[in-house]
Amino acid sequence: MTLASTDQLRDPCPDKTRSDLEWNRLLGALASRCVSHMGRELARDLPFAATRSETRRLLAEAREATELLAAAEPLPVVELADVSSAIGRVGASGVLAPVEIREIGKALGAARLLRRYLSVRRSRAGALYEACSTDPTLDALADELASAFDPDGLLSDRASPRLKELRSEYQTARTRMLARLDDLMSKYEAILQDRYVTEREGRYVVPVRSDAHERFPGIVHSTSASGATLFVEPRAVIPMGNRLKVLEAEVQREEIAIYTRLSARIGESLASVIGAIDALARADVRAATARLAQDLRLAFPELTDDARLALSSARHPLLLLDMIEAMPQHTGSAHATDVAAESAFEAVVPSDLSIAARRAVVVSGPNAGGKTVALKTMGLTALMIRAGLPVACAAGSTVGIFEVVLSDVGDDQNMTKNLSTFSAHVRNLVRILDDTQPGALVLLDELAGGTDPREGEALAAGMLDSLTARGGAVVVTTHYEGLKALALADDRFENASMGFDLAEMSPTFRMAQGVPGSSSALAVARKFGLPGTVIERAERFLSREDLQFESVVKKLNDERAALELARAAAAQREAEAETLRASLESELHNARDREQRQLSKEAESLLGAVRRSREELREVQARLRAKKLDVASAKEAEKALDRVAAKVAIGGELEPFMVREATGGTSAPEGPVADAATLKKGARVWVPRLRAEADVLDMLGDGSVRVQAGAMRLVLPAAELRLATDKRDEAEPKKKAAAGATKPAGGAAPASRDPSGLEVALQTSDNTCDLRGLRADDAIALAVTFLDRSLNENRHVCFLVHGHGTGALKEAVRRELKSSPYVRFFRAGNPGEGGDGVTIAWLS
């Protein structure tokens with residue numbers, strides 16, 4: 001049966017692998033982040049997924065918990081004691097102690113909280129909801145257990161009516177007896193050592209002087225250490241004490257009966273209770289996983305069923321853990337803590353690591369250069385995925401589901417078992433060879449070392465050939481030149497090297513795949529103080545082949561270094577280009593700001609001219625209302641009207657301002673140039689000269705176009721127009737024809753009330769209210785507010801711009817005007833005033 005044909009997986013972590021990769025230490029870090037005893041126990045022996053589907057499910061749970069923590073909505077886990085022994089005793093029909101019953105009740109309450117939390121977030125945490133769901137019928141049991149105890153942990157009187165009755169009777173009897181003892185102490189005060197009541201052998205006694213006890217009738221229960229005091233139970237309260245003993249026994253029997261009943265209730269739902277406790281432990285581990293992912297910046301790679309790894313910027317999780325734990329604790333700002341955590345994270349050098357089934361990676365390089373760290377990083381990554389844990393790599397990484405991780409790392413020399421370093425190594429190789437199959441990840445540190453170099457090299461080559469033939473994904477570290485050469489000649493094998501900085505004489509800890517690495521033994525020896533004469537003699541003992549191979553390796557490393565420099569230079573150029581782009585965007589933004597400020601200045605100048613024109617209009621209106629104009633005054637008023645008309649006419653000083661006021665201040669960007677093919681009646685265009693949008697009313701024969709911008713209509717050459725997006729409401733264009741059928745003849749609104757003696761209707765921004773785009777209710781409210789404000793400001797003419805549309809808004813406005821007590825007269829606008837899209841109202 002092939003790997004893809006079955007979903008069942010074997011245990012991926014033999015004892016040797018667990019020891020080599022320090023798997024238990026990683027689980028310890030996970031357990032330390034759990035808050036409950038059950039969660040810590042589960043984390044310390046975290047099971048691996050038994051199937052591929054289970055692997056994906058575990059990772060989905062961990063991802064959801066991590067996302068909830070990132071959203072400041074962590075899983076609600078609480079500290080709980082170990083209840084496993086109590087559960088076992090309930091299963092054997094035993095009676096639980098009060099503290100055990102309380103802990104189980106607390107656990108059931110926590111399970112209810114978890115279930116409700118996940119129910120609310122089911123769309124975001126579906127996998128956690130399925131994994132940690134509990135029986136809702138346990139809520140009644142949780143309430144019963146909680147109500148049986150007081151907050152201080154004592155069994156409550158509410159646990160049973162009989163218990164409440166017995167405790168009340170006991171308290172009454174005790175109170176009577178204490179009162180009787182108090183009377184006796186008053187009577188015999190002269191022969192008492194002190195005035196108090198205490199207990200001896202479960203009986204209430206008083207302290208009597210030893211030289212006078214014969215005068216105090218009662219039973220002596222004990223004496224003081226000095227013998228000067230006798231503790232005597234007065235004969236008069238003996239029957240009372242006997243009654244207290246009987247009542248106390250009855251109370252204890254009732255309490256035991258309650259504990260028995262509550263234990264039986266737990267036993268009735270034992271399967272559901274066990275499920276709830278397991279769900280709490282699982283949720284605790286998932287919450288701990290989220291905290292571990294946050295602390296170590298773990299990620300969720302893309303998962304594949306193929307036995308392969310393609311890790312980007314992978315880091316050893318235990319090295320990250322060491323750096324985080326060694327980080328000094330900052331009691332100051334959160335920023336200082338984040339900076340320290342970032343520094344600790346960056347101290348662990350990342351590497352890109354990859355391996356696939358039936359292939360082998362031969363890792364070479366200097367001692368202490370990070371070869372074994374890379375080996376362990378791959379192994380821990382494969383195990384973490386099988387356990388449902390995120391891994392220490394960058395986004396975009398791909399991790400396969402491996403059947404088993406086999407390793408031989410470190411020295412298993414054992415004198416008591418007569419095992420040398422090499423013999424122990426060979427024994428491990430035999431076991432690994434037997435267990436290797438498709439889906440196995442094999443990690444071999446210093447393969448076939450500790451023996452004759454030539455024979456060890458041959459043995460290592462044979463092992464690589466056999467392991468890859470059996471379907472394993474093999475990663476091996478070595479100093480053998482023969483294995484490096486084999487990787488150059490056989491497509492199944494690939495070289496990889498750990499970098500070494502010759503200038504600094506230290507390893508870089510970065511892996512480069514595709515090129516072999518030099519062991520740099522002589523360079524390292526020179527760095528650590530070996531005399532130069534020794535180094536020179538050693539170099540003379542190197543064979544010509546060794547020197548040639550080292551030369552080739554050095555050339556490859558130089559080329560790789562040059563490529564890295566070129567890549568770094570390209571990255572720098574890209575960064576510079578991005579900086580330049582940002583600078584240009586900033587310049588463009590500043591230029592636009594300057595233009596806007598200039599326009600603001602022009603607008604301010606125009607506003608000044610508008611104010612002056614309004615003053616002239618007010619003076620003319622005042623004279624007209626006074627009706628006391630002589631010939632000279634009439635001519636002067638006529639000249640003032642002509643001046644204002646010249647300013648607001650097309651090409652006049654206030655033309656752009658009046659157009660923007662009439663059109664709502666549109667400032668849309670220019671579009672493409674309009675032509676005869678794109679222009680048609682009803683099209684929306686942008687008029688650059690007016691800096692406003694307009695509607696096309698008609699196409700004239702000479703190539704010019706009649707347009708309407710707000711209340712203004714004008715004829716312009718087609719070349720001046722630009723296409724623009726129509727932002728008006730076009731939700732129901734087909735209703736216009738039906739709405740038009742209901743208009744009065746000529747499209748004008750019917751006149752209302754007395755039109756005689758009306759003021760001349762001159763439109764300004766102050767007396768215009770734009771209602772277009774509003775719903776009818778909102779438009780009416782705005783119009784009424786505008787009319788109120790106009791009355792308060794002594795304004796007598798108002799222009800209500802509602803547009804054409806379906807006609808519904810127009811009719812609503814005019815109905816409101818017809819019923820308004822403020823409106824003296826209203827009518828539709830003339831063709832030069834906006835037509836039927838405007839209603840002009842005169843206020844009384």
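This is a predicted model: local features need pLDDT of at least 70, side-chain atom pairs count only at pLDDT 80 or more; totals for chains, interfaces and linings use all residues.
Setting aside neighbours within four places in sequence, I found Leu441 in contact with Leu309, Ile355, Met378, Gly379, Ala382, Phe402, Val404, Val405, Leu406 and Ala473.

I then looked up the core around this residue. Leu441 is among the residues with the most contacts inside the largest nonpolar core, along with Trp23, Leu30 and Ile355. That core has 63 residues. Helix H14 gives the largest share of this core, 8 residues. As a general point, nonpolar side chains in soluble globular proteins tend to be buried together.

Next entry: Ser397. I placed Ser397 in the loop between helix H14 (371–386) and strand S9 (398–400). Is Ser397 buried or exposed? Ser397 is buried, with a relative accessible area of 1%. Not counting residues up to four places away in sequence, Ser397 touches Pro301, Glu302, Ala310, Leu311 and Ser312.

Last entry: cysteines. How many disulfides does the count give? I got 0 disulfides. I looked at Cys769 to see why. The closest cysteine sulfur to that of Cys769 is in Cys798, 8.7 Å away, so the pair is too far for a bond. The cut-off is 2.5 Å between the sulfur atoms. I also read off burial for two cysteines. Cys769 is buried at a relative accessible area of 7%. Cys393 is buried too, at 8%.

Methods. Residues are numbered from 1 along each chain as its sequence is written. Side-chain values use heavy atoms; hydrogens and water are left out. Buried means under 20% relative accessible area, exposed over 50%, partly exposed in between (1.4 Å probe, protein chains only). Helices (H or I, at least four residues) and strands (E, at least two) are DSSP runs, numbered from the N terminus. Contact means heavy atoms within 4.5 Å. A nonpolar core is a set of buried Ala, Val, Leu, Ile, Met, Phe, Trp, Tyr and Cys residues joined through side-chain atoms within 4.5 Å.
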